[in-house]
Structure formats: structure tokens, C-alpha cells
Amino acid sequence: LAAGDTLNCFQLESPAMRHLLRMLNCTTLDETIAAVALVRPGPAESGMKEAFCRRRRGLEPVSFPHERLRATLAETQGILLYEEDVMRVASALCGLPLAEGETLRRAIAQARGDEEFRFLERGFVAQATRAGITDAEAHAVWRELARFAGYAFCKAHAAGYGQLAWQSAALKCRYPAEWAVGVLNHHAGMYPTWVHVEDLRRGGLGRAPVTFLTPCVLRSGWDTTLELLAAPGHAPRRVRVGLRRVQGLSHATGERIVATRPLASLADFADRVRPTPPELDALILAGALDAIDGPGRTRAAMRLEARVHEAMAHAAPGGTRRKGGSARHRRHRLLARAGPRALQLAFRAHAGFSGRRRGR
């Protein structure tokens, strides 16, 4: 928190909030709750944000608008921070009941035009002077109330958001791999997914870097999951990206991939899963088929095989079944045994044959 390393944490990932956390040197839950309220327009635009940070860090002495407000504003370093502070100030300074203080806060927030503000100001100053406050002191406090009350944040909301934000930062720091799985499966932040992946892959202050593994038709589910390390006694640190992250892959094709395992080869995959050509190309480019034919195959060779298969499927009569399986299945067996050079020659031969037919 103090380092502002809070990307993908609830309520804490905006640039303004991360800068505020560094300014505040935030280390506690109370400071996190205060930061959630400080980043709102009221405190931020009135200069209270900077004053609170300086006072919290001991760089500026704590002062109060009036001595009567010392006990009321001690928790917030002498500044107005929450909506409730407005009614508490009105109660402490003017002797009003808290209910009337809340009515005053609402009136300030809903006031439109200079005439309405002057009317409220006259009533507040008159009430304060009757309670023994000088006219100058009452006007000074009113100015603080007027510029703050319209954009204040309820402390109950700040506490609820701050609690979730604190827990988010704790989970990211202590369980980075598990946190990464949650981010990829339920991402709803203000940044694209790749920003969060790079942040988690890099690691940070007090948190280990996360290892992301590419989608795999043999191991991935539809959602992102944790993959245990082979070495015993080690915590899981690897995150297997789910098939849903392959751009253009439909959910139905993803379900067929999971249901038809194990898969022996690219030809077997194309025959049994029946992905569309764009889906197959996307899976190859994403590395999802790297493990299916062993480490010797390159993605370029797999793309070539997929295109040859598609071209031959269009050229051959479909649905014909003979001894030894369908024509399509026999093509798959031949393609599975073919090397990259053979596939290249086959592709050129097929292209040339098609060209001669078109020429005639």
C-alpha cells in the first residue's frame, strides 16, 4: 500500500489513488479508509487531501478551525473528511442537534445559486454567534463547510470500500498466484487484462512474481486455473490461462476441447473437436497446441498443416466412408505422419493442381 503497488485492487488502482497512497505512506486499515474518502472531489479540490497527508506524516502541525472542534476533528487531523463531519461540526460549534446538523449538510449540498448560499450562511453564523463564537470565526468555519459538503463521502461507504480494498491488497501480496486467477476470471477493472498480467508477472514489493502458462488444449479449462508445481513442498505459483482467453474461440468449441481429451495430434484435434479455421489458427498462435505433437513442431508448421488440411477438405468429396474410415480421417492420418517439408510440398502441389484446373 505505501508503495502504491495496488493495480487490480478494488478502489485502489486509479493513478490518483496510487499517488495518494504513496503521499500518505499508507500502512493501516484506518489510513486506507481515509484514502478512499480523500480521493473524492470535495477533499481533493479543497486542498484537504494534501493537508491531511502532511499532518498524518508529521510534516505539518495539526490545527483546528476552532478550539471547540478539537475533539470532533482529532481523528481526521483537524480537517473535514466525511459527510458526518459536517453535522458533527455544526453540533459542536452551534449546539445544534445532530439531526439538524444533517439537515444543514443536505441543504448545503443541494443549494443552487449565491442567494441560497448566503441565506444558509446567515443562518449558520447567527446560530454560531448565539453559541458564543465570534463572527469572524463563524465565517471561517462556514467557508470550510461550504466548499466541502457538496462533494463529501459518507464514512460508512468509505469504511466498506476501504475494508474491501485492504483485503484486496492483502490477498494480492500474500497469494499472488491465486489473486491472478481471480483477476483473469473476473476482471472488471479500469485497465485491459494485459496490463494486469504484466503487473503480476513482474512482481512487486513483498510479493512474488507470477508465472503465466499459455492456454493448452490438453490442460486448460475454460477458465484460468492454478497449476501445481512438480516439485513437492512448493506452493503453486503457476497460472494456466484458460481457453476463454483465446480470442475468437467460442464457448461451444472450448467445451468440446475439454470433453474430447486426450488428443493425439493436430489431425486428431481437427477431426474430433471440429474448430472453425479461424479458431484453429487462433489456438495455434496462442500456443494452445504446442504440447499436442511434442516439442519439435513449430507454430508455423502447425499453421501450414492446418491450411493444407482445410484445402484438402474442400477438394475431396465430403462424407464418403470407405474401408479404413472416412476420407477425411485418412487424410488426418497422412498429415499426422508428414513432416514440415512434406506438408509444404503437398500444399504447393495442391495449389498448382487447383491452378491448372482453373486455367483449363
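Guide: Axes here are lines fitted to C-alpha atoms, for helices over the stretch in contact, and angles run from 0 to 180 degrees between N-to-C directions. The model is predicted, so local features need pLDDT of at least 70 and side-chain atom pairs 80 or more, while totals for chains, interfaces and linings use all residues. Numbering starts from 1 along each chain as its sequence is written, and side-chain values use heavy atoms, without hydrogens or water.

Visitor: OK. At what angle do α2 and α10 pack?

Guide: Helix α2 (residues 29-38) packs on helix α10 (residues 155-174) at about 120°, with the axes 8 Å apart. That makes α2 oblique to α10, meaning not under 35 degrees (roughly parallel), over 145 (roughly antiparallel) or 65 to 115 (roughly perpendicular). Helices are DSSP runs of H or I, at least four residues; strands are E runs, at least two, and both are numbered from the N terminus.

Visitor: Which residues of α2 make the contact?

Guide: Leu29, Thr32, Ile33, Val36 and Ala37, with contact meaning heavy atoms within 4.5 Å. On the α10 side, the residues include Tyr161, Gly162 and Trp166.

Visitor: Switching to α4. Which residues are buried there?

Guide: In α4 (residues 48-56), Met48, Lys49, Ala51, Phe52, Cys53 and Arg55 are buried, that is, under 20% relative accessible area with a 1.4 Å probe, protein chains only. Gly58 follows α4 and has a positive phi, near 80°.

Visitor: And the sheet, what's the strand order?

Guide: β1-β3-β2, in an open sheet with mixed pairing; strands pair if DSSP finds at least two bridges between them. The edges are β1 (211-213) and β2 (225-227). β2 and β3 (residues 238-240) run antiparallel, joined by three bridges, and Glu227 stands opposite Arg238 in β3.

Conventions:
Buried means under 20% relative accessible area, exposed over 50%, partly exposed in between (1.4 Å probe, protein chains only).
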